[in-house]
Amino acid sequence: MEDEVDRLVAAWRRERPDLDVEPLEVLSRVSRLARHLDRARRLAFSEHSLEPWEFDVLTALRRAGSPYQLSPGQLLTQTLVTSGTMTNRIDRLTKKGLVERLPDPSDRRGVLVRLTTEGQDRADQALAGLLTQERAILGELSRTQRGELAGLLRQLTAPFDNIPG
């Protein structure tokens, strides 16, 4: 079965036979898959009136376990955004009634961000919708193939995820 990347690679091999375009065979597919996944994510989240960034913050809190709260610093680490961006996001989620700010009992100047019941419900429903979309994307692969692919992708991503700083 041929795909768009096969056609792209063939064209580059024809036009630039002096270059080894083999990396395109893998990474162009990863890039195209990321775009399809982004569309599927946006669809799953929009069905629950969430933006992707809202889902990221809500699910970081949901994964924290009961009482579903983290400090803004912990949220920064998990969502990879700046402090100013996170403050804005917390403000917007608070206005929507999906999170609340509480004083941090271990730091008088600190705050904790806690998921509300509505926020938990939205996060849970959006996650279920996302998993349905993602299962469809992976539908052509067997369980064994999915495991093999996950392992190979882990080899590629782990060095980036474990960079100090």
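Q: What makes a residue part of the lining of the largest pocket, and which residues lie nearest its centre?
A: In this predicted model, 25 residues line the largest pocket, and Arg 29, Leu 33, Ile 137, Leu 138 and Leu 149 lie nearest its centre. The search uses a 1 Å grid over the protein atoms alone: a pocket is an open set of points with protein on both sides within 12 Å along at least five of seven lines, unlike a cavity, where a 1.4 Å probe fits but cannot get out, and a lining residue has an atom within 4 Å of a point. As for the conventions, residues are numbered from 1 along each chain as its sequence is written, and side-chain values use heavy atoms, with hydrogens and water left out. Because the model is predicted, local features need pLDDT of at least 70 and side-chain atom pairs count only at pLDDT 80 or more, while totals for chains, interfaces and linings use all residues.

Q: How much space lies in the largest pocket, and which helix gives the most to its lining?
A: The space in the largest pocket is about 870 Å³, where a volume is the space filled by probe spheres set on the grid points, joined across faces, edges and corners. Helix α2 gives the most to the lining, with 9 residues, and α1 (4–15), α2 (22–46), α6 (117–137) and α7 (143–161) each supply at least two. The helices (H or I, at least four residues) and strands (E, at least two) are DSSP runs, numbered from the N terminus.

Q: How do the residues of that lining divide into nonpolar, polar and charged?
A: The lining has 14 nonpolar, 1 polar and 10 charged residues; Ala, Val, Leu, Ile, Met, Phe, Trp, Tyr, Cys and Pro count as nonpolar, Asp, Glu, Lys and Arg as charged, and the others, Gly among them, as polar.

Q: Why is Leu 130 called buried?
A: Buried means under 20% relative accessible area, exposed over 50%, and partly exposed in between, with a 1.4 Å probe and protein chains only. Leu 130, which is found in helix α6, has 4% relative accessibility and therefore counts as buried. Leaving out residues up to four places away in sequence, Leu 130 touches Arg 41, Ala 44, Phe 45 and Phe 55, where contact means heavy atoms within 4.5 Å.

Q: Why does Glu 54 count as buried?
A: Glu 54 has 3% relative accessibility, so the residue counts as buried. Its place is in helix α3, and, not counting residues up to four places away in sequence, Glu 54 touches Ser 49, Leu 93 and Lys 96.

Q: What makes a set of residues a nonpolar core?
A: The members are buried Ala, Val, Leu, Ile, Met, Phe, Trp, Tyr and Cys residues joined through side-chain atoms within 4.5 Å. The largest nonpolar core has 22 residues, of which Phe 45, Leu 58, Leu 61, Leu 75, Leu 93 and Val 99 touch the most other members. Helix α3 gives the most to this core, with 6 residues.

Q: How do you know that β2 and β3 pair?
A: Two strands pair if DSSP finds at least two bridges between them. Strand β2 (residues 99–104) and β3 pair in the antiparallel sense over 6 bridges, with Val 99 opposite Leu 115 in β3, and a hairpin joins β2 to β3 through 2 residues. Strand β1 (residues 69–70) also pairs with β3 in the antiparallel sense, over 2 bridges.
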